[in-house]
Amino acid sequence: LLDEDFRAEIALLNARQDSIDAEAAYAATLDAFKFNLNLPIDQPVVIVQEPVSMPRLALDTRLAIATAFANRLDWITDSDQLEDVRRNLGLARRELLPDLDLSGSLSFAGSDDNPWSDTLDDDPEYRLALSLEIPFNRRNERLSYERALVTVTRTQRDLEALRQRIIQEVYEDARALQRAQTSRRIQDHSRVQSHKRYEKAQIDFKAGIINNRELLEAQESVRAAETEFYAALSAYQSTELKLRRDTGILTIDAKGMWVADWPAYLRPEEDE
């Protein structure tokens, strides 16, 4: 009996430690969730007790990639920067060209007695000049042009790297969303089966077929299945939000809620 008391006390202490670790992990996960959504750390988050009904989603990956290029600020900003450095390159190239100037003048002879608008007897005097300057020392201009050319090349390379990264992120989100949907269905089925097993265990316990330990094991399986289901549900929602963020359409209002309208590249298939 004394050994049983020791084991029970140790189990109680382990349970308390697990509770402390679970609370710390929950707080860290909640802070990371707020950080991903650009929310203040002190922003309250309400967690519903009932599972949210989420439909199975069909994803058009190509349309999602096009949406990302149309809405992501980093892509738009870098694209504008490329246009700026290209304009600078054009200006630097013009500095290497010869200077060609064209000037002209037209003059009339007149007197104080006759205003300029009156008909004049003398013909007007025309002058037209064309000058071409070909400088041979363009060292500074060539250096400026080479620097502008290097800047354009570097900006193009960075923009191409960003383009590849955006495409990769969308494809990874698409695969993650598919895995999350499959996992959610599996865990939902496991949750239902665990409840059925527990109901049968209660009947068998009342009939004396099983003992108290087997009943507790069935009850524990229900809790474990519920935990796994909610974890899969949370992963599914987080994956969908990450896809919205990576395509540049995740909009958060002042209350910390995101716009729930389905984007064009996501189509609900059926309610589960």
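Visitor: Which pattern does the protein follow, read along the sequence?

Guide: This is a predicted model, in which local features need pLDDT of at least 70, side-chain atom pairs count only at pLDDT 80 or more, and totals for chains, interfaces and linings use all residues. Residues are numbered from 1 along each chain as its sequence is written, and side-chain values use heavy atoms, with hydrogens and water left out. Helices (H or I, at least four residues) and strands (E, at least two) are DSSP runs numbered from the N terminus, and the protein has five helices and four strands. Read along the sequence, their pattern is α-β-α-α-β-β-α-α-β.

Visitor: What share of the residues in the protein is buried?

Guide: A residue is buried under 20% relative accessible area, exposed over 50% and partly exposed in between, with a 1.4 Å probe and protein chains only. The protein has 272 residues, and the buried share of them is 25%.

Visitor: How are helix α3 and helix α4 oriented to each other?

Guide: Two packed helices are described by the angle between their axes and the distance between the axes. Axes are lines fitted to C-alpha atoms, for helices over the stretch in contact, and angles run from 0 to 180 degrees between N-to-C directions. Helix α3 (residues 73-95) and helix α4 (residues 139-206) have axes 9 Å apart, at an angle of about 160°. Angles under 35 degrees count as roughly parallel, over 145 as roughly antiparallel, 65 to 115 as roughly perpendicular and the rest as oblique, so α3 is to α4 roughly antiparallel.

Visitor: How many nonpolar residues belong to the contact of α3 with α4?

Guide: Ala, Val, Leu, Ile, Met, Phe, Trp, Tyr, Cys and Pro count as nonpolar, Asp, Glu, Lys and Arg as charged, and the others, Gly among them, as polar. In the contact of α3 with α4, seven residues are polar and seven are charged, while the nonpolar ones number twelve.

Visitor: Which residues of α3 make the contact with α2?

Guide: The axes of helix α2 (residues 61-71) and α3 come within 5 Å and cross at roughly 60°, an angle at which the two helices are oblique to each other. Contact means heavy atoms within 4.5 Å. From α2 come Phe69, Ala70 and Asn71, and from α3 come Leu73, Trp75 and Ile76.

Visitor: Which residues of α4 does α2 meet?

Guide: The axes of α2 and α4 come within 10 Å and cross at roughly 135°, which makes α2 oblique to α4. On the α2 side stand Thr61, Ala64, Ile65, Ala68 and Phe69; on the α4 side they meet Arg163, Ile166, Ile167, Val170, Tyr171 and Ala174.

Visitor: Is Arg139 buried or exposed?

Guide: Arg139 is found in helix α4. Because its relative accessibility is 52%, Arg139 counts as exposed.

Visitor: Which residues does Val259 touch, not counting residues up to four places away in sequence?

Guide: Val259 lies in the loop between α5 (212-246) and β4 (266-270). With 40% relative accessibility, Val259 counts as partly exposed. Its C-alpha is separated by 9.0 Å from that of Ile249, ten residues away along the chain. Leaving aside residues up to four places away in sequence, Val259 touches Arg244 and Thr251.
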